[in-house]
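Hello,

Here is the structure I promised to pass on. Please look it over first; my notes follow below.

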Amino acid sequence: MDAFERLVAGLDYPMYVVTTSAGGQSAGCLVGFASQVSIDPPRFLVALSKRNHTFRVAQDARHLAVHLIPQGDRELAELFGSQTGDEIDKFSRCSWRAGPHGLPILSDAAAWFAGVVLDRVDVGDHVAHVLEPVDADAPDDFDFVSFTDVSDLDPGHDA
Ligand SMILES: Cc1cc2nc3c(=O)[nH]c(=O)nc-3n(C[C@H](O)[C@H](O)[C@H](O)COP(=O)(O)O)c2cc1C
């Protein structure tokens with residue numbers, strides 16, 4: 001449907017780096033398909049492409065970490081959006097620490113939260129992960145990278 005494709009191409013929304021860890025492996029990728037979906041109880045949905053290295057690691061993970069990227073840190077967006085963990089170790093190329101539940105937390109994030117995965121729903125070429133936030137860190141004010149800032153990036157994997 002051309003009109004639907006035009007509509008979604010014209011949207012702008014925050015971009016996130018979603019990281020996780022399982023079986024001694026860390027993974028993370030740039031994600032635009034994500035949103036809060038409930039206030040009470042708080043719930044957040046993250047859609048991971050079935051082709052991504054991050055999706056495969058996330059299948060065995062109990063938690064995901066969701067980071068906002070500060071405006072101007074295109075390098076971080078590019079590392080997680082245009083490179084794949086199938087080929088490189090992204091975590092040797094950025095600053096991070098082991099956070100709650102063993103999750104890799106990016107030092108340069110504008111803000112982040114960690115969520116426990118309550119449910120996984122196959123929605124097509126992506127799998128939606130329903131998260132309950134369990135830890136978070138956010139300053140009073142922050143800016144963040146949006147889709148229009150990075151829509152020119154070539155994804156490391158086709159969707
Ligand atoms: C603008 C943009 C938006 C993206 N949105 C998503 C998304 O919502 N979900 C997803 O799984 N991948 C998304 N990607 C693709 C992954 O970030 C990309 O393929 C990444 O290289 C996969 O890394 P991995 O194989 O290490 O997981 C997006 C990429 C770009 C450039």
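**Surface and overall build**

The protein chain has an accessible surface of about 8,500 Å², and carbon and sulfur atoms hold 48% of it. Please keep in mind that this is a predicted model.

The chain has 159 residues, and 43% of them count as buried. Four helices and nine strands make up its secondary structure elements. In sequence order the pattern runs α-β-β-β-β-α-β-α-β-β-β-β-α. The radius of gyration is 15 Å, close to the 15 Å that the globule rule gives for 159 residues, so the chain is as compact as a globular protein of that length. Along the principal axes, the C-alpha atoms fill a box of roughly 45 × 35 × 35 Å.

As for charge, the chain carries 11 positive and 25 negative charges, and their mean positions are 7 Å apart.

**The cores**

The largest nonpolar core holds 19 residues. Which of them touch the most other members? They are Phe44, Val46, Val66 and Leu131. Several elements each supply at least two residues of this core: strands E1 (16-22), E2 (25-31), E4 (43-49), E5 (63-68), E8 (111-122) and E9 (126-137), together with helix H2 (53-58).

Val46 shows how the parts meet. Beyond its neighbours within four places in sequence, Val46 is in contact with Val18, Val31, Phe33, Ala34, Leu64, Val66, Val127, Ala128, His129 and Leu131.

Another core lies apart from the largest one. It has 16 residues, among them Val17, Leu76, Phe80 and Ile88.

**Helix H3 and the chain end**

Helix H3 spans residues 74-82, and Leu76, Ala77, Leu79, Phe80 and Gly81 are buried in it. What covers these residues? The cover includes E1, E2, E7 and helix H4 (147-150).

Leu153 sits in the segment after H4. Is Leu153 buried or exposed? Its relative accessibility is 12%, so Leu153 counts as buried; the cut-off is under 20%. Leaving aside neighbours within four places in sequence, Leu153 is in contact with Leu30, Arg74, Ala77, Glu78 and Ser82. The pair Leu153 and Ser82 is 71 residues apart in sequence, yet the C-alpha atoms are 6.5 Å apart in space.

- Pro41 lies in the loop between strand E3 (34-38) and E4. A cis peptide bond joins Asp40 to Pro41, with omega about 5 degrees.
- His101 is placed in the loop between strand E6 (96-98) and strand E7 (104-106). Its phi is near 60 degrees, a positive value in a residue other than glycine. His101 has 47% relative accessibility, so it counts as partly exposed.
- Asn52 lies in the loop between E4 and H2. Asn52 counts as buried because its relative accessibility is 14%.

Over to you.

Best wishes

Key: Residues numbered from 1 in each chain as written. Predicted model: local features only at pLDDT ≥ 70, side-chain atom pairs only at ≥ 80, totals over all residues. Heavy atoms only, no water. Core = buried A, V, L, I, M, F, W, Y, C linked by side-chain atoms within 4.5 Å. Buried < 20%, exposed > 50% of the residue type's maximum accessible area, 1.4 Å probe, protein only. Contact = heavy atoms within 4.5 Å. Rg over C-alpha atoms; globule rule 2.2 N^0.38 Å. Areas by Shrake-Rupley, 256 points an atom, 1.4 Å probe, with all protein chains shown as cover. Lys, Arg positive; Asp, Glu negative; His and termini not counted. Charge placed at Lys NZ, Arg CZ, Asp CG, Glu CD.
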